[in-house]
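This report goes through one protein model by topic. Please keep the sequence and the 3D view open while reading.

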Amino acid sequence: MLGFSRHIWFVACLLLWHACAWSQNCQTTRLYISIKDSQGAAVFDAAVHLGSESGETGVQNTDANGQVVFSEVHCGSQLIRVSKPGFEEVAQTIQIEQQPDREITISLEPKRQQATVEVKETLPPVQQTSTHVTELQPAHVKTLPGNPPTVTQTLPLIPGIVRSPDGELKIDGSGEQRSSLVVNQSDVTDPATGKFGQTVPIDSVETINVYNTPFLAQYGRFTQSVVAVDTKRGGDKWHGELNDPFPDFRVRSFHIVGIRNETPHGVIGGPLIRDRLYFNSSLQYYLDKVPSRTLGFPHNESKQESINSFTQLDFIASPKQVITATLHITPQHINFVNPDYFNPQPTTPTIAQHNYIGTLADHFGVLGGTLDNSISIQRFDAFIGAQGDADYVLTPGGNQGNYFARQNREAKRTEWLEIWSPRPVRFLGTHLFKLGNSLTNSNNQGRFTFFPVSILDSTGQLLQDIRFTTPNRFNRTDFEITAYAQDHWSPTAKLSFDYGLRLEHQKLASSLRIAPRAGVAITPFPNERTVFRAGYGQFYDHIPLDVYSFGNYPRRTITDYAPDGSIIDSYFVTNVIGSITGPRSFLIRGQRVAGAFSPRGVTWNLQAEHSFSRLLRVRAVYTNNRSVGLIVLDPETLGPINEIVLNGDGQSSFRQAEFTAKLGWEKGQQLVFSYTRSRTEGNLNGFDNYLGNYPAPIVRPDLYSNLPGDIPNRFLLWGHLETHLWQLQFNPIVEYRNGFPYATYDQFQNYAGTPYADATRFPNFFSADARVLREFRINPKYGLRLSVTGFNLTNHFNALAIHNNIDDPQHGVFFGNYHRRYRFDFEVLF
């Protein structure tokens, strides 16, 4: 529902629109061009020619970042030609529309024969590399419904990535801790939990690349996917945006009842010293009172407040050297984390966290290649508390009291990276080598405090009581070394191979891991519009430091009660860090000692990609991943001894068939359709359910079943369309998929039947969202963007919760739904 004040602003802006003279003449544009090779590395000293029908505008050579900037580029058709010895020359035609900045990335293929590759903007060349990347451009996603403010908000646009009801990303059916997030080549996942946390504001992003198990040795610390983010530097002229500056008011019964959210965010960038020092900074303030539709107002909101700041300085020391410094600061506070019918506000945790990430990178062009050195210093502080000190009470109809776990921790990481990408080497074809290494020191320290937990039946009868030992402190330090070498070899014009080897050593895991990878790409037909890819590789998960803090978790004493209140049994349970009891791989060197974990996955995939025309491109991918050695918790009884053992015996299986079609045409318009058919199975007691920010109080026997993120079928359509009616832009997102599976419990909070089976799923999910916007200029310097967004336009019932305890009188009833709603946004461009 639209807030009253936003109606006023909308009318005022419409009057201003008609009152102001809007120049129809196209202004000049700044054009930012990034040149990369087939492995994603910057190409230094490539000649970039820019010209139009009237003649050549200019020529520049790329700096050590592989970038050039052309100022005052006129509207219309522009031809870009890129050349460098050892690479195929590329000629690309683009259309410059009225916009202050334009960013494009061009990939160069190794030299195979004397030829010039002619491509159009709407038909990028089919890359002859075994690893396919799904790329998201900020210009394409910023105007979508939801107006995504950070990188993580854009990721559900990728096939295989969905957001679960608790707000966490499920990547290929698994949690974030099994994937890697890198920003400007540095690992920025939380060293304590392995989660993504607060990510870079979208206003500071140049590209978002999502690799589904890349067969490139440069990527590590994952068994599922890699999210690689490149940030952008300031331009030759000052430019800024201010988005969503006014609050959205909560309206109930046609009356304003406070502020629902306030999410202003902006970016400003430009030269501090012309041609030498560039500045770019984005700042977001986020205040959102997220309602849960399974509870009644006013006790149904999660109150979230954060500041997200990212600043980048780029110093051009010389054409051969660029020094980049970045600082990312993200304080955040959430009161009432994920409240719902079964966990009302008093039972929810609260979290306050502060993340600081600073990096300093040197990009140096040497001997026709590039040498990158960077150091990253990171700190992740978190305090997890509760709404009070009452006991936590679990009942079939919903929980009571206060959340049981408190945690205060401070995690740090210092990482040094070095990457060398030499010039192409000609021997039996062309080789693109890349070598790199890293040194990482991380630390996690703090204290856990657990309060009593009681389990009651539906009549209020006490069934079980759990008491914990006194608070324990923990302090764990780890040191990691990695090294890799890889090669992209193109023996002929239609055939290329990627192969490499990666070595990883994690001190706490007491093991040396060897990760070989190989892939092939072939273009069999003369028109070079079809490419087939295949790859195989071994990958290792990074082990978060919370795993090695498990021995310091408070121990528990469990007491079982009879119906008459008498004690049946009482026993003490210890926490034990085990090891791997299953078969070891010959690619792992180390001793079988406590904590010697090596979670790993073997992945292979097959791909086919074809361009039917300059407008339509399709891709089909089949991926198979089998992971073993995953870290899980399992309660065990050895005679009189009761233990909760953290061991490396977990397994998982992921299979997915993906079909994607992209339809693109003039002015950056596009529609992207994808369908995925997948299956994700594995051990349910993954360490992330019991360690990390919000540990679960009950440790159930470990079972192998569908994982909670398993989605067999998913259709997704999104895009950007421009209409001739009032120059409106239309940005839809349509999603249809199976519901998430759920588990059924008994009165003791144990599984009742097979958890997360296909027979126990939420109803199918369908959502149609759309954002309609209009951009116009008040004068050549200032502009406005007005938009109206509709969510769940069909008002489809998408259940949020189910009564899933067999002792609950309402067992089996689905409830909760977000109804159709609208939002107005107002943004300033300058």
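Leu428 sits in the loop between β28 (425-426) and β29 (430-450). Helices (H or I, at least four residues) and strands (E, at least two) are DSSP runs, numbered from the N terminus. The phi of Leu428 is positive, about 55°, although Leu428 is not a glycine. Leu428 counts as exposed, with 60% relative accessibility. The accessibility classes are buried (under 20% relative accessible area), exposed (over 50%) and partly exposed (in between), with a 1.4 Å probe and protein chains only.

## Basis and confidence

This is a predicted model, in which local features need pLDDT of at least 70 and side-chain atom pairs count only at pLDDT 80 or more, while totals for chains, interfaces and linings use all residues. Residues are numbered from 1 along each chain as its sequence is written, and side-chain values use heavy atoms, with hydrogens and water left out.

The chain has a mean pLDDT (the predictor's confidence in each residue, from 0 to 100) of 87, and 92% of its residues reach 70 or more. Confidence is highest in strand β25 (residues 392-394), at a mean of 97, and lowest in helix α1 (residues 4-19), at 38. Over residues 1-25 the pLDDT stays under 50, and the model has 43 contacts (heavy atoms within 4.5 Å) for them beyond four places in sequence. Residues 113-124 also have pLDDT below 50, with 33 contacts in the model beyond near neighbours in sequence. Where pLDDT is low, the predicted coordinates should not be read in detail.

## Other backbone exceptions

Most residues other than glycine have a negative phi, and most peptide bonds are trans. Asn184 has a positive phi, near 50°, and is placed in the loop between β12 (180-183) and β13 (186-187). Asn184 counts as partly exposed because its relative accessibility is 27%.

The peptide bond from Phe297 to Pro298 is cis, with omega near 10°. Pro298 belongs to the loop between β20 (277-291) and β21 (301-318).

## Salt bridges

Side chains of opposite charge can pair when their charged atoms come close. The structure holds 29 salt bridges, each defined as a side-chain nitrogen of Lys or Arg within 4 Å of a carboxyl oxygen of Asp or Glu. One of them joins Asp190 and Arg409, with the closest N and O atoms 3.4 Å apart. This pair links distant parts of the chain, 219 residues apart: Asp190 is in the loop between β13 and β14, and Arg409 is in strand β27 (residues 405-421). Asp190 and Arg409 are both buried.

Asp825 and Arg771 also meet through their side chains in a salt bridge (3.9 Å, N to O). Asp825 is in strand β50 (residues 821-829) and Arg771 in strand β46 (residues 765-777), so the pair ties together parts 54 residues apart in sequence. Asp825 is buried at a relative accessible area of 0%, and Arg771 is buried at 1%. Asp825 forms a salt bridge with Arg823 as well, the closest N and O atoms being 3.3 Å apart, and Arg823 is buried too. Elsewhere, a network of salt bridges links Asp187, Arg221, Arg413, Glu415 and Glu480.

## Cavities

The structure holds 10 cavities of 30 Å³ or more. On a 1 Å grid over the protein atoms alone, a cavity is a set of points where a 1.4 Å probe fits but cannot get out, and lining residues have an atom within 4 Å of a point. Grid points are joined across faces, edges and corners, and a volume is the space filled by probe spheres set on the points.

The second largest cavity has a volume of about 200 Å³. It is lined by 21 residues, of which His132, Thr134, Tyr211, Asn212 and Glu658 are the closest to its centre. The elements giving two or more residues to this lining are β14 (205-212), β39 (600-611) and β40 (616-638). By class, the lining of the second largest cavity has 8 nonpolar residues (Ala, Val, Leu, Ile, Met, Phe, Trp, Tyr, Cys and Pro), 3 charged (Asp, Glu, Lys and Arg) and 10 polar (the others, Gly among them).

Thr623, in strand β40, is buried, with a relative accessible area of 3%. Among the residues that Thr623 touches beyond four places in sequence are Asn212, Trp604 and Phe654.

Thr449 is in strand β29 and is buried at 18%. Beyond four places in sequence, Thr449 is in contact with Phe404, Ala405, Arg406 and Pro471.

Methods. 1 Å grid on protein atoms, 1.4 Å probe; cavity = no way out; pocket = protein on both sides within 12 Å on 5 of 7 lines; lining within 4 Å.
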